[in-house]
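Below are some notes in numbered points, meant to be read with the model open beside them.

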Amino acid sequence: MAETLVTERGFARLRGEHSRLRVERERLVGRLRSALEFGGAFPENGDYVDARHELDLLDRRLAMLEARLVGAEVAEARADGAVDLGERVTVLNLQSGDTGNYRLVGSGESDPEAGDISYQSPIGAALLGRRV
C-alpha cells in the first residue's frame, strides 16, 4: 500500500476517530442484538434494519481509517530552513502586497478556512521544500 504523509496531529486525530468509532461499533452491535431478540431479522423490524445499515456504514468508515493508519507515515518538520509538513508559513503576494498564512498538512487533514492546506494542493506543492 502506498504511504500517506500526515502530521503528528493528523495521525493522532485518525487514531482518536478510530478509537471513538470502535466504541460506537460496540454500542451498535448491542443495539443490533437487542433488535434481533425482540423482532428477529425480518424486513418489518425497523430497528434491526436501521441498526444493520448504521453498522454497515460504520464498518466501511472503520476499514477506510484502518487502511489510512496502516499506510500513514508521520512526517516531522526539520529545522533546516525549508518548508516541511506541519510548518506554518507566511506568503507575500508581490503584486497585491497581501499575505497568506498557511500550515502544510498531509492529505485528508486540510482545512482551508483555518489555513491548513495539503502538501498535494497546488499551493502546498509549490511551498513544500521552499526557503525564505
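1. A word on terms to begin with: contact, or touching, means heavy atoms within 4.5 Å. The model is a predicted one, where local features need pLDDT of at least 70 and side-chain atom pairs count only at pLDDT 80 or more, while totals for chains, interfaces and linings use all residues. Residues are numbered from 1 along each chain as its sequence is written, and side-chain values use heavy atoms, with hydrogens and water left out.

2. Let me start with Asp-116, which sits in strand S5; helices (H or I, at least four residues) and strands (E, at least two) are DSSP runs, numbered from the N terminus. Asp-116 counts as buried because its relative accessibility is 6%, where buried means under 20% relative accessible area, exposed over 50% and partly exposed in between (1.4 Å probe, protein chains only). Not counting residues up to four places away in sequence, Asp-116 touches Arg-9, Arg-88, Arg-103, Val-105, Glu-109, Ser-110 and Asp-111. Asp-98, 18 residues apart from Asp-116 in sequence, is 18 Å apart from it in space, C-alpha to C-alpha.

3. The strands around that residue pair up as follows (two strands pair if DSSP finds at least two bridges between them). S4 (residues 99–105) and S5 (residues 116–118) run parallel, joined by three bridges, and Arg-103 stands opposite Asp-116 in S5. S3 and S4 run antiparallel, with five bridges between them. Across this second pairing, Arg-88 stands opposite Arg-103 in S4, and Val-91 stands opposite Gly-100 in S4. The hairpin of S3 and S4 has six residues between the strands, and there Gly-97 takes a positive phi near 85°.

4. Beyond four places in sequence, Leu-55 touches Arg-25, Leu-28, Val-29 and Leu-32.

5. Thr-4 belongs to strand S1 (residues 4–6). With a relative accessible area of 19%, Thr-4 is buried. Leaving aside neighbours within four places in sequence, Thr-4 is in contact with Arg-68, Gly-71, Ala-72, Glu-73 and Ser-107.

6. Last, the largest pocket, with about 180 Å³ of space. A pocket is an open set of points on a 1 Å grid over the protein atoms alone, where a 1.4 Å probe fits, with protein on both sides within 12 Å along at least five of seven lines; lining residues have an atom within 4 Å of a point. Strand S3 (residues 88–92) gives the most to the lining, with three residues. Among the lining residues are Val-89, Thr-90, Val-91, Arg-130 and Arg-131. The lining divides into five nonpolar, two polar and two charged residues.

Key. Grid points are joined across faces, edges and corners, and a volume is the space filled by probe spheres set on the points. Ala, Val, Leu, Ile, Met, Phe, Trp, Tyr, Cys and Pro count as nonpolar, Asp, Glu, Lys and Arg as charged, and the others, Gly among them, as polar.
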